[in-house]
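Please read it alongside the model shown here.

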There are 2 protein chains.
Amino acid sequence: MELWFSERHTQNVKFSIRVERQLYSGQSEFQRIDVFDSREFGRFLTLDGYLMLTEKDEFIYHEMMTHVPMAVHPDPRKILVIGGGDGGVIRELTRYEKIERIDMVEIDPLVVEVSKKYLPQTACRLEDPRVHIYYEDGLRFIRSVHEEYDLIIVDCSDPGGPGEGLFTKEFYGSCYKALKDDGIMVNQHESPFYEEDAMTMQRVHKRIVGSFPISRVYQVHVPTFPAGHWLFGFASKKYHPVRDLDAVKWNMFGLSTRYYTTQLHAGAFALPYYVEEMLKHVE
Amino acid sequence: MELWFSERHTQNVKFSIRVERQLYSGQSEFQRIDVFDSREFGRFLTLDGYLMLTEKDEFIYHEMMTHVPMAVHPDPRKILVIGGGDGGVIRELTRYEKIERIDMVEIDPLVVEVSKKYLPQTACRLEDPRVHIYYEDGLRFIRSVHEEYDLIIVDCSDPGGPGEGLFTKEFYGSCYKALKDDGIMVNQHESPFYEEDAMTMQRVHKRIVGSFPISRVYQVHVPTFPAGHWLFGFASKKYHPVRDLDAVKWNMFGLSTRYYTTQLHAGAFALPYYVEEMLKHVE
């Protein structure tokens, strides 16, 4: 038998994974949630049919979203994660002893429940005593927060789903307000390659640039995402993502990683010319 | 009507492009050659069913293969291109006035003929008077060459096809011999992500390390290649790919590019940890 999961990266491009079996399928108040098992990628999670993570390549996304800001901020103690119900970012964060508290705001409790049951590789540290989960809309949660966090990580799905509010000007302004005066925000920033993704990327960048004095973008290779080329935003009140990288200090932590290195950290901020141009166009 | 071209990136992963129409299909002495037109990627070329280039993203591969060594070597005048019958590397090379001669060795005349007819975007500079085309096996051609070239670019298809000999220890040794005493060789180095590609990548690296005193690897995002994550090898008798990069000089040439920048040049040599480990394992 051949069973294939396919995702349209555009109307004219399809990425397909051969599936061994479907482990879960359900509908929450917000979205359809599926978990599959595959020979190539291990288990993978989809929301409304869009691939969110696979066991084989999730380390790339989660390491790069977490360790980049953690290697720049000199003393991150209180962290907010918006979205990220699969637990991957939490897993990476909880490896830092010096972090005192992690608040996670996930709109959909079923994503967390399903991840705990079917995706233990990412959802393995959600019970850490420093982690506090709020099942709320991220935009609503952040409106009432003032100068609380050292770092905010926005790990949401693409616009169009329940994460829509997390791409608004109001949201980024609220993140700015919720950060301490040397705070950093990192967000998933879409992809520069296919036209529709690139337009979202530009819209997001324009809004973040309007809210933060420092706003840079860095790139990673995520093989199961459209074009395999994904961007993250690094927005900050004070620290520069490369000039304020403390490589020696980060390497002293002794964390083992599979994608992130402090050399790669700096290299990831060197973007292709066409991406630089797209960003400049909205700055 | 829906017409889809599909390539298996592994037995369990498929990448598919919606096709408007097939422009050419033929069989040479060496391989099956097809050209398609598509809405997403423009025209694209396949050899034995493997995607070689698309009009939409070929600039990434060709710029990064050409401008990286050209920005390092202080005075490249005589260049050898092995493979590259589509003309993309030649197009980029001919933009440098200071190059005096480019020898291109392509085993399959039909690839060149088809590219000239159907892929004018890449095959547009093959008539440059500095370009000399030899329809020969690259391995055989290079055996008799001694200290002739400043730069050799190995732009071949994957092992298994007619490019098989271009992945051997003998071939890399012959390239070393064919280079002047400050020569550079750049080669397409496969991908680190899927297991079979990664094994080829390691095998290639081991052989190049055995032939050249300096051998580094750099990475690019090529959306239509497996995993979107592709590597190039930079092997050299004398120059280091980053320390000997002359950014000021290269930028003075005033060449406009869409992917390459001298910042990206340096960044591209910062590899993910898992890739560094794979390379170290065979060094």
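The largest cavity has a volume of about 130 Å³. A cavity is a set of points on a 1 Å grid over the protein atoms alone where a 1.4 Å probe fits but cannot get out, and lining residues have an atom within 4 Å of a point. Grid points are joined across faces, edges and corners, and a volume is the space filled by probe spheres set on the points. This is a predicted model, in which local features need pLDDT of at least 70 and side-chain atom pairs count only at pLDDT 80 or more, while totals for chains, interfaces and linings use all residues. Residues are numbered from 1 along each chain as its sequence is written, chains are lettered from A and ligands numbered from 1 in the order in which they are written, and side-chain values use heavy atoms, with hydrogens and water left out.

**Cavities**
- The whole structure holds 2 cavities of 30 Å³ or more.
- The largest cavity is lined by 17 residues, and closest to its centre are Gln219(A), Gly267(A), Gln219(B), His221(B) and Gly267(B).
- Its lining has 11 nonpolar, 6 polar and no charged residues (nonpolar: Ala, Val, Leu, Ile, Met, Phe, Trp, Tyr, Cys and Pro; charged: Asp, Glu, Lys and Arg; polar: the others, Gly among them).
- The second largest cavity, of about 80 Å³, has 13 lining residues, with Phe15(A), Pro223(A), Phe15(B), Pro223(B) and Gly228(B) nearest its centre.

**Annotated site**
- An unreviewed UniProt entry lists Asp155(A) under "active site"; such annotations may be inferred rather than shown by experiment.
- Asp155(A) is in strand E9 (residues 149–155) of chain A (strands, E, at least two residues, and helices, H or I, at least four, are DSSP runs numbered from the N terminus).
- Asp155(A) is buried at 7% relative accessible area (buried is under 20%, exposed over 50%, partly exposed in between; 1.4 Å probe, protein chains only).
- Beyond four places in sequence, its contacts (heavy atoms within 4.5 Å) include Tyr61(A), His62(A) and Asp86(A).

**Chain contact**
- Chain A and chain B each give 40 residues to the contact.
- The two chains bury about 3,500 Å², 63% of it on carbon and sulfur atoms; buried area is the accessible area (1.4 Å probe) lost on being put together, summed over both parts.

**Positive phi**
- Glu147(B), with phi near 45 degrees, is exposed at 57% relative accessible area.
- Glu190(B), with phi of about 65 degrees, is buried at 2%.

Notes
On a 1 Å grid over the protein atoms alone, a cavity is a set of points where a 1.4 Å probe fits but cannot get out, and a pocket is an open set with protein on both sides within 12 Å along at least five of seven lines; lining residues have an atom within 4 Å of a point.
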